[in-house]
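Trainee: I'd like to learn how to read the ligand site, a helix and the salt bridges of a model. Could you walk me through them?

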Amino acid sequence: MDRVLIAANWKMNKTVGEAHRYMVDFLPRLTGWEKTEVIICPPFTCLAYLREALENTGIQLGAQDVFWEPEGAFTGEISAAMLADMGCRYVIIGHSERRHILGENDQDINRKLKAAVSCGLVPIFCVGESLPEREQGQTQTVVREQLEQGLAGLELPNLVVAYEPVWAIGTGVNASPADAQGICASIRRYLGGFQVNDWARDIPILYGGSVTARTIAAFTAQADINGALVGGASLDPEHFASIVRLNSDG
Ligand code: PGA
């Protein structure tokens with residue numbers, strides 16, 4: 001697949017003023033990046049600002065979470081239709097911080113995926129094993145289970161999958177590109193079980209977990225890794241621009 005996606009996950013960082021200062025610095029640095037699809041996933045509170053700031057830039061907007069109900073008495077939650085209305089094309093679903101800090105389970109994630117797809121959003125569906133699971137040799141089983149339960153009842157959705165080993169997120173420790181390639185290839189094989197018209201071949205699979213400008217090229221050089229979901233290193237405009245550019249030059 002020629003398509004390469006680099007997605008920024010800002011997590012719970014940046015006020016609107018900080019997002020504005022970021023964009024003033026970031027946008028002029030993005031020359032010659034046409035080969036890459038860039039996605040920025042800010043906190044909900046920055047969506048309205050970024051929708052305007054990203055107009056005519058080709059950069060896509062994404063959210064970091066969504067609730068599964070369409071509307072109603074769900075204090076604090078945001079629906080898929082609301083995100084689409086804010087100009088979001090993507091939404092991160094099943095991030096390990098939501099699984100582990102906020103207690104989301106595979107059924108919650110399945111409902112969120114269905115809600116997102118029904119409103120035309122493209123989920124960035126995160127899967128990945130914890131350190132104990134890895135040490136017990138359960139990586140393949142855990143990832144397969146997350147895929148199976150998350151995608152239950154969904155028919156060939158327009159989807160991005162992000163493989164993010166939990167022990168590599170925010171730790172400065174990467175999976176080796178060869179290890180990550182092995183898991184991403186098995187994710188594609190699993191998706192191939194739904195195969196119709198090469199659907200699985202065209203699903204972008206991202207690696208996430210302490211990606212930096214130093215490591216990005218080794219990941220995107222792998223056959224089944226089509227880009228990255230970048231947390232910490234996306235918060236600095238110069239660093240994130242260099243991740244996008246390095247990848248585009250390759
Ligand atoms: P990190 O986060 O790049 O800071 O490890 C990645 C993510 O959580 O999506």
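**Reading the ligand site, a helix and the salt bridges**

Mentor: Start at the ligand: one of its oxygen atoms is 2.7 Å from a side-chain N or O atom of Glu164. A polar contact here is a pair of N or O atoms within 3.5 Å; within protein, one must be able to donate a hydrogen and the other to accept it, and residues adjacent in sequence count only if both atoms are side-chain atoms. This is a predicted model, where local features need pLDDT of at least 70 and side-chain atom pairs count only at pLDDT 80 or more, while totals for chains, interfaces and linings use all residues. Residues are numbered from 1 along each chain as its sequence is written, and side-chain values use heavy atoms, leaving out hydrogens and water.

Trainee: Which backbone lies 2.8 Å from an oxygen atom of the ligand?

Mentor: That's Gly231, through a backbone N or O atom. Lys11 uses its side chain instead, with an N or O atom 2.7 Å from a ligand oxygen. Of the ligand's own 280 Å² of accessible area, the protein covers 95% (Shrake-Rupley method, 1.4 Å probe; for residues, only the protein chains shown count as cover).

Trainee: How do I read a helix, say H8, and which of its residues are buried?

Mentor: Helices are DSSP runs (H or I, at least four residues), as are strands (E, at least two), numbered from the N terminus. Buried means under 20% relative accessible area, exposed over 50%, partly exposed in between (1.4 Å probe, protein chains only). In H8, the buried residues include Ala180, Ile183, Ile187 and Leu191. Their cover includes strand S5 (122-127), helix H7 (139-150) and helix H9 (216-220), where contact means heavy atoms within 4.5 Å.

Trainee: And how many salt bridges are there?

Mentor: The count is 14, each one a side-chain nitrogen of Lys or Arg within 4 Å of a carboxyl oxygen of Asp or Glu. Take Arg111 and Asp108, whose closest N and O atoms are 3.6 Å apart. Both sit in helix H5 (residues 106-118), three residues apart, about one turn of the helix. An α-helix has 3.6 residues a turn, so residues three or four places apart point the same way. Asp108 is buried at 13%, while Arg111 is partly exposed at 40%.

Trainee: What about Asp202 and Arg201?

Mentor: They pair up too, at 3.4 Å between the closest N and O atoms. Elsewhere, shared partners link Asp65, Arg98, Glu104 and Lys112 into one salt-bridge network.
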